[in-house]
Amino acid sequence: MITLYQHIEHLLLSHDCVVVPHFGGFVAHEAEARYVEAEALFFPPVRLVRFNPDLTIGDDLLLNHLCRLYNFGESEGKRAIQTMVHQLRGQLLAEGQVDFGSLGIFSQDEDGDIQFSACQAGAITPAHYGLDAFRMPRLAERKPTAKGHRRALSHENHKHDLITFSISRRAIRNTLAMAAVLLAVALFAVPLNIVRRHQFQVASLFPSDAISITHDKAVQPTADAIVMPTTTDVSAPATTQEATTTTPQAAEPAADNNFAVVFASNVSLKNAERYVAELATKGIGGAHVMKSGKTIRVIVDGLATENEAYNQVREFRAMGAEFADVWVLKL
């Protein structure tokens with residue numbers, strides 16, 4: 001059977017007082033952290049247990065605990081407590097001292113008086129779990145060296161060299177407003193180079209070849225550049241040099257028909273002409289070859305709007321799987 005002190009240790013985890021009938025009460029209290037200067041040790045807070053022999057009337061806490069633990073009746077529980085108290089008194093009488101676990105030590109003098117010495121490490125409690133004493137010697141006072149003294153004096157001298165400026169918020173706001181005005185004037189005063197003619201191709205969401213862009217020499221094109229359409233200056237006449245740099249095409253689309261459906265791209269001229277003839281046999285008579293620089297395509301143009309072009313794409317795709325990759329080109 002579990003000894004008496006083990007039952008009391010368990011009950012003190014959640015209670016501050018446990019009374020053993022006809023023996024005494026065990027009362028727990030908190031002791032604050034302390035520092036022993038002579039040993040330079042910090043001790044954590046502990047939960048100490050005191051024994052009061054005058055608390056002999058039980059509050060049935062220990063009795064109810066034993067009844068639940070061993071499935072005792074009330075009379076059986078009282079007899080179990082009497083047995084454990086009788087064993088404790090007999091051991092004290094025989095040995096003069098009894099180790100009461102983590103709670104402390106009981107001793108009995110020649111006069112029969114019972115003394116209890118609480119364990120200085122304190123009773124087990126979850127609130128103080130893991131806390132331990134640690135040593136921290138007092139830091140010795142460090143005297144400043146001559147080098148450190150000179151550095152401190154130099155720092156003090158530099159502090160007197162600081163100059164403080166005071167600027168009002170109104171001056172800051174006026175300065176920011178003036179900067180904004182100057183920036184706006186500078187932006188509107190910069191002359192704009194108007195590109196007179198643009199010929200570009202815009203790829204749709206459908207698979208297509210790379211976008212190619214052609215414009216006059218005022219802007220140097222790059223391999224991956226994408227030029228957004230700008231306003232075309234129709235009043236300025238085209239020069240002879242601009243006319244010679246225009247990309248040749250086999251069929252020039254009408255001014256209002258700006259979209260085409262592409263059936264093949266980046267093919268040879270011979271294969272493109274053969275494919276046009278094949279499309280004609282399948283009922284697509286408007287297909288023809290379009291040359292743009294080194295790129296040769298087979299297209300059907302004459303589509304005025306983008307919606308009309310995509311409607312035409314859906315019609316071609318419905319004709320068979322061979323037209324699944326046709327896409328829209330903006331001329």
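Is Asn-266 buried or exposed? Asn-266 is exposed, with a relative accessible area of 52%. The views below show this and other details of a predicted model.

View 1. Asn-266 is found in the loop between β12 and α7 (269-281). His-22 is placed in the loop between β1 and β2. His-22 counts as exposed, because its relative accessibility is 60% and the cut-off for exposed is over 50%.

**View 2. The tilted pair of Phe-106 and Phe-116.** The structure holds 16 aromatic pairs. In the pair formed by Phe-106 and Phe-116, the ring centres are 4.8 Å apart and the planes stand at 50°, so the pair counts as tilted. Phe-106 belongs to strand β7 (residues 104-108) and Phe-116 to strand β8 (residues 114-118), so the pair ties together parts that are 10 residues apart in sequence. Phe-106 has 0% relative accessibility and counts as buried. Phe-116, at 18%, counts as buried too, because the cut-off for buried is under 20%.

**View 3. The edge-to-face pair of Phe-263 and Phe-323.** Here the distance is 5.7 Å centre to centre, with 90° between the planes. Phe-263 is part of strand β12 (residues 259-265), while Phe-323 lies in the loop between α8 (306-318) and β15 (327-330), so the pair ties together parts that are 60 residues apart in sequence. Phe-263 is buried, with a relative accessibility of 11%. Phe-323 is buried as well, with a value of 1%.

**View 4. An aromatic cluster that includes Phe-106 and Phe-116.**

**View 5. The largest nonpolar core.** This core has 29 residues. Ile-8, Val-20, Phe-26 and Phe-106 are those with the most contacts inside the core. The elements that give two or more residues to the core are the helices α1 (4-12), α2 (61-70) and α3 (74-95), together with the strands β1 (17-20), β2 (24-31), β5 and β8. Of these, α3 gives the most, with six residues.

**View 6. A charge over a ring, Arg-34 and Phe-43.** The charged end of Arg-34 sits over the ring of Phe-43. The distance from the charged end to the centre of the ring is 4.5 Å.

**View 7. The second largest pocket and its lining.** Rolling a probe the size of a water molecule over the atoms shows where empty space is left. The second largest pocket has a volume of about 350 Å³. Its lining is made up of 21 residues, and Pro-44, Pro-45, Val-46, Gln-120 and Ala-121 lie nearest the centre. Strand β5 (residues 46-52) gives the most to the lining of this pocket, with three residues. By type, the lining residues divide into 13 nonpolar, four polar and four charged.

Note on methods
Residues are numbered from 1 along each chain as its sequence is written. This is a predicted model: local features need pLDDT of at least 70, side-chain atom pairs count only at pLDDT 80 or more; totals for chains, interfaces and linings use all residues. Side-chain values use heavy atoms; hydrogens and water are left out. Rings of Phe, Tyr and Trp (its six-membered ring) pair if their centres lie within 6.5 Å; planes under 30 degrees apart count as stacked, over 60 as edge-to-face and the rest as tilted. Helices (H or I, at least four residues) and strands (E, at least two) are DSSP runs, numbered from the N terminus. Buried means under 20% relative accessible area, exposed over 50%, partly exposed in between (1.4 Å probe, protein chains only). A charge sits over a ring if NZ of Lys or CZ of Arg is within 6 Å of the ring centre and within 35 degrees of the ring normal. On a 1 Å grid over the protein atoms alone, a cavity is a set of points where a 1.4 Å probe fits but cannot get out, and a pocket is an open set with protein on both sides within 12 Å along at least five of seven lines; lining residues have an atom within 4 Å of a point. Grid points are joined across faces, edges and corners, and a volume is the space filled by probe spheres set on the points. Ala, Val, Leu, Ile, Met, Phe, Trp, Tyr, Cys and Pro count as nonpolar, Asp, Glu, Lys and Arg as charged, and the others, Gly among them, as polar. A nonpolar core is a set of buried Ala, Val, Leu, Ile, Met, Phe, Trp, Tyr and Cys residues joined through side-chain atoms within 4.5 Å.
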